[in-house]
Amino acid sequence: MNRDAILAIAEKDVRAVRQSRQMMIPLVVVPILFVVVLPAAVVLLPRLVEVPTSTYGFTDQMLETMPASIRAEVSGYSAAETMVYLAVTYLFGPLFLVIPLMVSNIVASASFAGERERHTIEGLLSAPVSNVELFVGKALAAFVPAVLAALGGFVGYTVVVDLLTYGQFGRLLLPNLLWILLVCWLVPAVSFFGLGVTVIVSMRARGYEEAQQIAGVVVLPIVAIVLLQVAGVLFLSTTVILAIGGLFWLFDVALVWVGSRLFRREELLLGPT
Amino acid sequence: MPDTVPGAVTDLRGSAVREDDETVAIQVEGLVKRFGDTVAVDDVSFAVLQGEIAAFLGPNGSGKTTLVRLVNGVLRPTDGTISVLDTDPTERPIPVQRRTGVVTESLSLYDRFSGRYNLSFYGRLYGVPDEDLSARIETLADLLDFRSYLDDRVETYSTGMKKRLLLARGLLHDPDVLFLDEPTSGLDPQAARLVVNHIETIRRERDVTVFLCTHDLQVAERLASRIFFLDDGAIVAAGTPAELRENLWPEATVVVALDGWSERLRGEIEGLPWVQDVGTADADVPGTTTLRFELDDRDAIPKLVDALVEDGIRLYRLQEDRHSLEDVYFQVREALR
């Protein structure tokens, strides 16, 4: 395999994203929202405004459906502290996955569909680059920034949460084992899933925007996890994270298989027939 | 096999220019490419010799671009075989693409990056050694006259500069075969001349085989040793420019500036069996009579000169009135109607 060609393709794609305001705005805004705005709102709002008692009632209901280990963690906390603790350590976990998913979706959308839209695909296909090298280069361009964004986001989120909650709890809430597993095991699996789906869609989409919109369905599993958690059906314990991560890695293997079957240079050049 | 134009040479194998020690760079046999019900390339066979410039001419949609993509291994043929530098690009595109350069018809460049980045990116894809890459980029930018714009974003380049950048990209890895798809389209005469001169130079100095697809008949006439006319995906006429002319117009026309002409002599010359007609032409040598002689074939030209000189005529200028490639092109098109 031509490693330099793979790196050249990946670097070029990342550079293209960095130079596109259309792509950079969501890449900056969304992580700030998840890393700073959301935890700040959850931690600071109860201090600034009176929270309706029904909110705490909802927290109590949710707590009842949670495993005993989680209930033990919050024993002794006030209703307000319980709400903050559950939000920043459990509820925001799946929401955080939106960051790598979005990064991989945006970068991978621009991969083949963007090349075709800008008429640059022919030069690329005329060059001595194999299908595998092309696919890996494009995938790396989406995977590495997605994982790095998640890692950076995690560091930022940890700092923000600890700064905001240390006074209240008298200890550092993050990092904990759950979040470390989330970032190191689930984030790479989810990122690869996002880029795999998007690259496959991007091969057949007419343009970058169409690819991004269609591939937006990758967010559905994350929405499902959030809803299941709110409904009290599923909680992101370490075991659940390991299991969901394993499931995503299986999907990823299937996506590589499907992607290699669907990879046709002729369609990449001429568009879907 | 599709019909060819009656009377047009079909020198598909390069026999007119092949010598024993010459090698075939591109060999295509029975090539067919269909997109659904549309036949884009229809049973095409030809050979291009190493170091030759072969021009493929034809109207839009005649299959020129598809042919380039097939021969360079970007598209897979529906039927037929292709060999480029003794390798099948359909089965092994990478070794072929390593030794070929392409100037695509579309300006397939990354507009938001500089010209230097574009070249450097492709240099890495083509495996140009890091230590040579910068020097090669600058040498080509110098030769193609865009060195001072090398660090500007490509979106600020004119079409002419983009074409030159594409040509530089195609030459970056020193290819043995160069595919040029409309290399001069959209260029002003000065830029077109620069590109044409450079193609001529690299062919001469580096023995590069050039596969040229073009609408520009002047460019084809100047550069190509053989011409292939494509229509509806099929080769309908082929040969060297001279062969095509001779086969389409076997008669010869010469314009002669002479002194000592008389009506008696006119009668005598018109009576010769290989002279078809004698008429006047615009005088271009002062103090002489300028006449146009239409002859049966080119072999009659020296006979005409002998006859005139024997009759005491002084010749000041003799020029064969040759049909241009444009005439050939339209004659071929006319014959296809």
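**Figure 1. Arg226(B) and Glu52(B) form a salt bridge in this predicted model.** The closest N and O atoms are 2.6 Å apart; a salt bridge is a side-chain nitrogen of Lys or Arg within 4 Å of a carboxyl oxygen of Asp or Glu. Arg226(B) sits in strand S8 (residues 226-231) of chain B, and Glu52(B) in the loop between strand S2 (38-49) and strand S3 (53-57), 174 residues apart. Helices (H or I, at least four residues) and strands (E, at least two) are DSSP runs, numbered from the N terminus. Arg226(B) is buried, at 0% relative accessible area. Glu52(B) is buried too, at 4%. Buried means under 20% relative accessible area, exposed over 50%, partly exposed in between (1.4 Å probe, protein chains only). Residues are numbered from 1 along each chain as its sequence is written, chains are lettered from A and ligands numbered from 1 in written order. Local features need pLDDT of at least 70 and side-chain atom pairs 80 or more, while totals for chains, interfaces and linings use all residues; side-chain values use heavy atoms, without hydrogens and water.

**Figure 2. Asp176(B) pairs with Arg99(B) in a salt bridge.** The N to O distance is 2.9 Å. The partners lie 77 residues apart. Asp176(B) is partly exposed at 34% relative accessibility, and Arg99(B) at 37%.

**Figure 3. Arg164(B) is buried yet has no salt bridge.** Arg164(B) belongs to helix H5 (residues 159-171) of chain B. The nearest side chain of opposite charge, Asp145(B), is 4.3 Å away; Lys and Arg count as positive, Asp and Glu as negative, with His and the chain ends not counted. A polar atom of the Arg164(B) side chain lies 3.1 Å from the backbone oxygen of Leu144(B). Beyond four places in sequence, Arg164(B) touches residues including Phe146(B), Leu194(B) and Val195(B) (contact: heavy atoms within 4.5 Å).

**Figure 4. The largest nonpolar core has 128 residues.** Such a core is a set of buried Ala, Val, Leu, Ile, Met, Phe, Trp, Tyr and Cys residues joined through side-chain atoms within 4.5 Å. Ile26(B), Phe46(B), Leu125(B) and Phe211(B) have the most contacts inside it. Helix H10 (residues 177-204) of chain A gives the most to this core, with 17 residues.

**Figure 5. Residues 13-20 of chain B have pLDDT under 50.** pLDDT is the predictor's confidence in each residue, from 0 to 100. The model has 20 contacts beyond four places in sequence for this stretch. Chain B averages a pLDDT of 89.

Conventions. Polar contact = N/O pair within 3.5 Å; in protein donor to acceptor, adjacent residues only side chain to side chain.
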